[in-house]
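Hello,

Here is the structure for you to look through. My notes on what turned up follow below it.

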Amino acid sequence: VFVDDPCMLHASISLDPKQAHHLFDVLRIQKKETIRVVSKKGGTFLAHPLDKPYLYVFDEIEVPRSAKHITLCASLIKQDRFELMLQKACELGVTKIVPFTSAYSIIRIDQKKIDKKTERWQQIIFDACKQCNRNDLVELEAIQNIETLHNYQQDCNLVCYEKQNDPSFHISHLLKRDPASVTIVIGPEGGFDVNEIDILQDDHFIPVSLGNRILRAETAAFYALSCIDYQHSL
Ligand code: SAM
């Protein structure tokens, strides 16, 4: 489980109603079972259940975190596909997700609904991190635009561009040195406008290919993240 509060050894913590219901009513956790608790304030702990919604924290454990920092800058795409992308990106080891608007995004965000949307995205990320047993929670940034993506640059900065025809710019070549941190940009259903690619290139993002087939945006994200993970595992 993930908790917002800091955890103290030999003290009890209270779960939020949703997690408490899942653990106590759905999974029907038994008193002697051990639960791993990740505090959003830091640290991973072991706990036993007390009465709903409480847990008793009895140990702190060292858990190696992924050495690699991966930021996915994801253009806004249709809601169900964007949400699938969020979920799968968490499973595939992303550290930070940066949604952004782009010229050919077919989705326009209604400012009045932004808080609700962000809350929903946070929940999807939370559930995905929990489901795949991560020790950290993926960060979700506020919605950006092409001009502000340079703020998310790291050691290796790539923009996936289906018009990159040079085979030496296939993503796998750019990842060969296994950079410690990677920022990857994925465009919308309609692709990038040439001006947007120019802006990103001026900001030192390298246009890379994911092969000859044109992938849907969410597939492109899965492909790129899988390549990063594979390269890191070698
Ligand atoms: N509208 C474009 C077209 O039909 O030519 C396709 C855009 S694609 C559906 C959405 C995004 O996925 C692109 O902006 C790009 O970031 C990424 N993408 C898809 N296929 C790719 C490929 N073969 N190489 C690099 N990026 C790709």
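Predicted model: local features only at pLDDT ≥ 70, side-chain atom pairs only at ≥ 80, totals over all residues.

**Around the ligand**

By class, the shell around the ligand holds 9 nonpolar, 5 polar and 4 charged residues. Ala, Val, Leu, Ile, Met, Phe, Trp, Tyr, Cys and Pro count as nonpolar; Asp, Glu, Lys and Arg as charged; the others, Gly among them, as polar. There are 18 residues around the ligand, and Cys-160, Gly-187, Gly-191, Leu-210 and Ala-220 come nearest. A residue is near a molecule or strand if its C-beta atom, placed from the backbone, lies within 6 Å of it.

Residues are numbered from 1 along each chain as its sequence is written. The protein chain averages a pLDDT (the predictor's confidence in each residue, from 0 to 100) of 91. In that chain, 98% of the residues score at least 70. The model has ipTM 0.96 and pTM 0.84. Helices (H or I, at least four residues) and strands (E, at least two) are DSSP runs, numbered from the N terminus.

**Two domains**

The protein chain is divided into domain 1 (2–61) and domain 2 (69–233). These bounds come from an automatic or database domain assignment. The domain centres, taken over C-alpha atoms, are 33 Å apart. 4 residues of domain 1 are in contact with 4 residues of domain 2. Contact means C-beta atoms, placed from the backbone, within 7 Å. On the domain 1 side, that gives 2 nonpolar, 1 polar and 1 charged residues.

**The five-stranded sheet**

An open sheet of 5 strands runs in the order S1-S3-S4-S5-S2, with mixed pairing. Two strands pair if DSSP finds at least two bridges between them. Strand S1 (2–3) and strand S2 (11–14) are the edge strands, each pairing on one side only. Strand S3 (residues 35–39) and strand S4 (residues 44–49) pair in the antiparallel sense over 4 bridges. Arg-36 stands opposite Leu-46 in S4.

Most residues other than glycine have a negative phi, and most peptide bonds are trans. Which residues does a cis peptide bond join? They are Lys-52 and Pro-53, with omega about 5°. Pro-53 sits in the loop between S4 and strand S5 (54–61). Arg-28 has a positive phi, near 45°. Arg-28 lies in the loop between helix H1 (17–26) and S3.

Best wishes

Technical notes: Contact = placed C-beta atoms within 7 Å.
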